[in-house]
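Biologist: I have a model open and want to learn how to read it. Where do we start?

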Amino acid sequence: MRFGYITAPVLGALWLFVIATTVSVAMSFATGAAFRPSFTLSLAIGALLGFGALYLQSASMSAAAAVLGLAVTLAAGAAPVVVGDGVGLTALALTALATGLGAGVPLARFLDEMPAGALTRHEFEGAVLKFLMGFGYIFFTALVVIPFYVMVMTSLKNQSELIQNPLDFSIDLSQGWLLFRSYVELIRDFRFGEYLWTSFYISVLTVFITLAFAIPGAYAVARLRFRGRAAFSRSILLIYMVPMIVLALPIYIAFSMTGLRNSIAGIVMIYPVTTIPVALYMLQGYFRGLPAEIEEAGLMDGLSRLRVIWLITLPLSLPALASVSLYVFMIAWNEFLLAFMLLDDPSKFTLTRGIASLNSSEIPRQHLMAGSVIATLPIMAIFLGLERFMTKGLTAGSVKG
């Protein structure tokens with residue numbers, strides 16, 4: 001394998017099959033037509049492309065050769081992407097262009113400065129690692145994008161389109177605003193506006209209650225000296241060793257006996273139980289990383305321990321607090337089991353409980369997908385907007401803590 005004229009065709013064959021599969025899935029979803037990769041032709045043509053990229057040593061030349069060659073093979077009916085009947089010339093051209101660019105440019109990068117003869121270990125492993133990195137980008141992007149794409153496209157269809165072809169994920173843009181009729185019906189007929197508001201204020205209350213208990217608890221573990229401190233610090237996350245489904249029946253019985261079942265107060269009481277341990281664990285590491293001398297200086301100036309926490313520790317801990325708040329908010333927003341078990345009154349449903357109520361044969365499937373999109377977009381926007389705080393909070397205190 002440690003020869004350029006062997007490594008290049010092997011990587012080219014494997015890479016073209018990856019690109020052919022990716023393009024086939026993308027074109028099928030975008031057009032609703034039949035596209036599939038050809039394993040044999042992908043390996044054969046990919047080997048030739050890899051051999052050519054080895055000698056061209058230019059991304060532009062390699063891409064041009066790949067696009068031209070794949071256009072010819074596609075027209076001849078012997079391409080790495082096999083198309084069904086009724087596919088138009090525009091779709092064929094896009095297929096050839098996407099496959100050629102997707103194969104030619106990366107292959108030139110993978111084989112950059114690779115000699116045709118014997119390879120050093122560094123040259124061989126560098127090409128293989130570049131290939132694996134490219135494959136990883138495509139694979140993990142597909143894992144995230146494909147389910148979300150299917151969910152969004154299904155929510156934009158009507159019942160007749162879904163019945164006619166459930167696997168057609170293309171959309172008719174000529175419908176205009178009618179594409180969003182499922183979302184309008186959810187807000188108007190299925191009370192999803194109320195579910196959004198309920199989930200929002202329950203999640204916010206969960207964040208405040210969690211921080212109210214986690215901040216003093218984490219500070220005590222990080223700064224104070226008391227008997228059992230080490231054991232308590234190690235056992236904070238033991239609650240997660242017990243699956244929530246095991247606790248479901250006792251919680252249901254206890255809440256039914258106390259009248260807390262089917263109430264927002266009961267949900268607000270039980271959610272922090274699942275979030276306080278992880279908040280304690282995250283905050284104690286950060287508090288340990290803060291210089292103790294700053295707090296000691298505050299105590300020497302006459303501040304009480306509580307005022308030291310309020311005036312010194314908390315302002316220095318804003319990145320960690322933002323991270324913990326976001327994480328707790330996401331847990332509360334996405335929680336389903338407890339809401340499904342404890343809430344029966346539709347006027348008190350959280351968003352996840354409301355989505356579960358749509359999973360019925362009497363309700364069109366596009367409404368379920370529209371509800372899932374409504375539940376996903378807000379938390380995605382919040383996460384992307386506050387990602388930098390979450391990253392800082394998760395890594396802060398990792399060295400000293």
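Modeller: With helix packing. Axes are lines fitted to C-alpha atoms, and the angle between two of them runs from 0 to 180 degrees between N-to-C directions. One caution: this is a predicted model.

Biologist: How do I describe two packed helices?

Modeller: Two values do it: the angle between the axes and the distance between the axes. Take helix H12 (residues 292–300) and helix H13 (residues 305–316). Their axes lie 10 Å apart and pack at an angle of about 145°. The crossing of H12 past H13 is right-handed.

Biologist: Which residues of H12 and H13 make the contact?

Modeller: H12 brings Ile294, Glu295, Gly298 and Leu299. From H13 come Arg305, Val308, Ile312, Thr313 and Leu316. By class, the contact of H12 with H13 has five nonpolar, two polar and two charged residues.

Biologist: Now empty space. What shows where it is left?

Modeller: A probe the size of a water molecule, rolled over the atoms. A cavity is space where the probe fits but cannot get out, whereas a pocket is open.

Biologist: How many cavities of 30 Å³ or more does the search find?

Modeller: One, across the whole structure. The largest cavity holds about 40 Å³ of space. Its lining is Leu70, Leu74, Ala79, Pro80, Val81, Thr95, Ala96 and Thr99. Helix H3 (59–76) and helix H4 (89–110) are the elements that give two or more residues to that lining. H4 has the largest share, three residues. Six lining residues of the largest cavity are nonpolar, two are polar and none is charged.

Biologist: And the largest pocket: what is its volume, and which residues lie nearest its centre?

Modeller: The volume of the largest pocket is about 370 Å³. The lining has 15 residues, and Thr22, Val25, Ile138, Ala142 and Ile146 lie nearest the centre. Helix H1 (4–31) and helix H5 (121–155) each supply at least two lining residues. The largest share, eight residues, comes from H5. The pocket lining has twelve nonpolar residues, three polar and no charged.

Biologist: Last topic, aromatic rings. How many aromatic pairs does the structure hold?

Modeller: There are 18. Planes under 30 degrees apart count as stacked.

Biologist: Why is the pair of Phe29 and Tyr149 called stacked?

Modeller: Their ring planes are at 20° and their centres 5.7 Å apart, so the pair is stacked. Phe29 sits in helix H1 and Tyr149 in helix H5.

Notes. Residues are numbered from 1 along each chain as its sequence is written. This is a predicted model: local features need pLDDT of at least 70, side-chain atom pairs count only at pLDDT 80 or more; totals for chains, interfaces and linings use all residues. Side-chain values use heavy atoms; hydrogens and water are left out. On a 1 Å grid over the protein atoms alone, a cavity is a set of points where a 1.4 Å probe fits but cannot get out, and a pocket is an open set with protein on both sides within 12 Å along at least five of seven lines; lining residues have an atom within 4 Å of a point. Grid points are joined across faces, edges and corners, and a volume is the space filled by probe spheres set on the points. Helices (H or I, at least four residues) and strands (E, at least two) are DSSP runs, numbered from the N terminus. Ala, Val, Leu, Ile, Met, Phe, Trp, Tyr, Cys and Pro count as nonpolar, Asp, Glu, Lys and Arg as charged, and the others, Gly among them, as polar. A crossing is left-handed if the near helix is turned anticlockwise from the far one by less than a right angle, and right-handed if clockwise. Contact means heavy atoms within 4.5 Å. Rings of Phe, Tyr and Trp (its six-membered ring) pair if their centres lie within 6.5 Å; planes under 30 degrees apart count as stacked, over 60 as edge-to-face and the rest as tilted.
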